[in-house]
Each structure stands twice: as C-alpha cells, then as structure tokens.
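Q: I have a chain open on my screen and want a walk through its fold and a few of its residues. Can we take it piece by piece?

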Amino acid sequence: MSTDAQGAGTARRPRLAVLLGDPNGIGPEIAVKLLARAETLAQADVVVFADPSMLAAGERIAGKRVEMIRCTPGSIATRPSQPTLAAMDLIDANAITPGQATPAGGRAALLALEAAAEAALRGEVDGIVFAPLNKHAMRLAGLAQDDELRYLQEKLGVTGFVSEFNITGPLWTSRVTSHIPLRDVADAITGAGVVAAVRIADRYLRVAGVASPRIAVAGLNPHAGDGG
C-alpha cells in the first residue's frame, strides 16, 4: 500500500518503477545519468527498485550522485522532483563483475523485475522502465520464459498478442515475430499475426495521442511487390 501523502481518490502524477538492469552491464551507469537530470523527474514520480550496491557502482562509473529518499518495495513513498530508492538485497557488492554474464547478475535483474511487476499488480506503479538486461544471465538465474516480455506477460496475466515498440521521435516500429531464428521467420508470418501486430500498434498509438495512426506493413521479401 502506498505511503505517500496523497489521499485516496486524489489524482497523482504517473509513478514509474525504474530498474538498473544487469549489474554487470551498462544499465546502472545509464540509469544514474538519466536520474541525475532534472527533466527526467519533471512529469513523473520515479521509484528505483535496486540494490544499493548496484546504485553505488553506477554512480562511481557515471561520476554522479543521485540523492534519493528511501522506502521498501512493499511500502512505496514518493516525493516530487526526487527519486525514491526501494532498497532491495539483490547482490553482494563483491559479486558485481562488469562485462560478465553471471547467475548472480541475472538473479539481481530478475528479482528487481519481479518486485516491480508485483508493485504494478498492486497498482502502486503505473509503468516499468528498465535499463539493459542480459537474457543469458537471467536464464542462468532461472528465467523460464523466452525473454522479459514473456515473463511480464505471464506475471501480469496478459493474454493474446503482445509486442514491444521501438520509438524514435514520431516513428514507432514493431514486429510480427520476435526472438526466433531467422530461418524460421517466414513460416511464422501469418495473416492473423500481421493483423494482430497492426491492431496492437494502432491501439497504443491512439493511447499515445495519435488520433489517426498511419501504419505501413513492410514486406518480408525485400522485393515484395513487383506484381507478386
């Protein structure tokens, strides 16, 4: 249950869970640099689900320090213009080995993702933003799904077609298939799959404020067309 000062039924700013990603990768550094920018906190309240040792490592590499208030993942408190650290015991500082994919690193990323997903299920956060993960390390730590998207789909009880979007300015890109060998892609492309991919893109472009989305479907064959 949230412990912020806003009463029940009172409108609040969006609250985002931020994860540092794999402790052995570039995630902690990237997250610290973003959190150090005032504009990052201008439109949303930020709760960082992380081990303090991961945060400290990111601060050392980035050469920046981020002042945060502290809480626990089960009792989230936020303050405008200042991030919150939901401190977790995820990894020993001595187990952080930059540049290596390890079970310890994967476990830290997976546990943080789990905690953020559970906070989303409780309605305590409105979205999850994570720095780069290492899928191999997460599998070493016990990830049973193909990737973090399928993990979240199962954790949040989402049914039907799911997709990720890559966004650059006004351009959104998505796909019909994901994380399968290239040689299998052609057989995995179906009419129903294309329709599902178009519909989910249309739906969330509208949610993002695009009144009449224009969606182009790229041909799998680079010479698609030419009269068939």
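What follows is a chat about the chain shown above.

Q: What kind of model is this, and what was counted?
A: This is a predicted model, where local features need pLDDT of at least 70 and side-chain atom pairs count only at pLDDT 80 or more, while totals for chains, interfaces and linings use all residues. Residues are numbered from 1 along each chain as its sequence is written, and side-chain values use heavy atoms, with hydrogens and water left out.

Q: How many helices and strands are in the chain?
A: Seven helices and seven strands. Helices (H or I, at least four residues) and strands (E, at least two) are DSSP runs, numbered from the N terminus.

Q: And what pattern does the chain follow along the sequence?
A: The pattern reads β-α-β-α-β-β-α-β-α-α-β-β-α-α.

Q: What does the C-alpha trace span?
A: About 60 × 45 × 35 Å along the principal axes of the chain.

Q: How much of the chain counts as buried?
A: 37% of the 228 residues. Buried means under 20% relative accessible area, exposed means over 50%, and partly exposed is in between, using a 1.4 Å probe and protein chains only.

Q: What share of the contacts comes from residues 24 or more positions apart?
A: Such residues account for 67% of the contacts in the chain with a separation of 6 or more. A contact here is heavy atoms within 4.5 Å.

Q: On to the sheet. What is the strand order?
A: Five strands form an open sheet in the order β3-β4-β2-β1-β5, and the pairing is parallel. Two strands pair if DSSP finds at least two bridges between them.

Q: Which strands are at the edges?
A: β3 (69–71) and β5 (127–130), each of which pairs on one side only. From one strand to the next, the twist averages 30 degrees.

Q: How many bridges join β1 to β5?
A: Four, with strand β1 (residues 15–19) and β5 running parallel. β1 also pairs with β2 in the parallel sense, over five bridges.

Q: What sits across from Leu-19 in those two strands?
A: Leu-19 stands opposite Phe-130 in β5, and in β2 its bridge partner is Phe-49.

Q: Is β2 covered or open?
A: Strand β2 (residues 45–50) is mostly covered, with six of its six residues buried. Asp-45, Val-47 and Phe-49 point one way, Val-46, Val-48 and Ala-50 point the other way, and all are buried.

Q: Now the helices. How do α3 and α5 pack?
A: Helix α3 (residues 103–121) and α5 pack at an angle of about 40 degrees, with their axes 10 Å apart. Axes are lines fitted to C-alpha atoms, for helices over the stretch in contact, and angles run from 0 to 180 degrees between N-to-C directions.

Q: Which residues make that contact?
A: From α3, Leu-110, Leu-113, Glu-114, Ala-117, Glu-118 and Leu-121; from α5, Glu-148, Tyr-151, Leu-152, Lys-155 and Leu-156.

Q: Where is Thr-102?
A: Thr-102 is in the loop between β4 (84–87) and α3. At 13% relative accessibility, Thr-102 counts as buried.

Q: What does Thr-102 touch?
A: Leaving aside neighbours within four places in sequence, Thr-102 is in contact with Asn-24, Thr-97, Ala-137 and Leu-140.

Q: What about the phi of His-179?
A: His-179 has a positive phi of about 55 degrees although it is not a glycine. Most residues other than glycine have a negative phi. His-179 is found in the loop between β7 (171–173) and α6 (182–188), and at 49% relative accessibility it counts as partly exposed.

Q: Last topic: how many aromatic pairs are there?
A: Two. In Phe-165 and Trp-172 the ring centres are 5.2 Å apart and the planes are at 55 degrees, so that pair is tilted. Rings of Phe, Tyr and Trp (its six-membered ring) pair if their centres lie within 6.5 Å; planes under 30 degrees apart count as stacked, over 60 as edge-to-face and the rest as tilted.

Q: And which residues form the other pair?
A: Phe-165 and Tyr-204, also a tilted pair, at 6.5 Å centre to centre and 50 degrees between the planes. Phe-165 lies in the loop between α5 (148–156) and β6 (166–168) and Tyr-204 in helix α7 (residues 191–207), so the pair ties together parts that are 39 residues apart in sequence.
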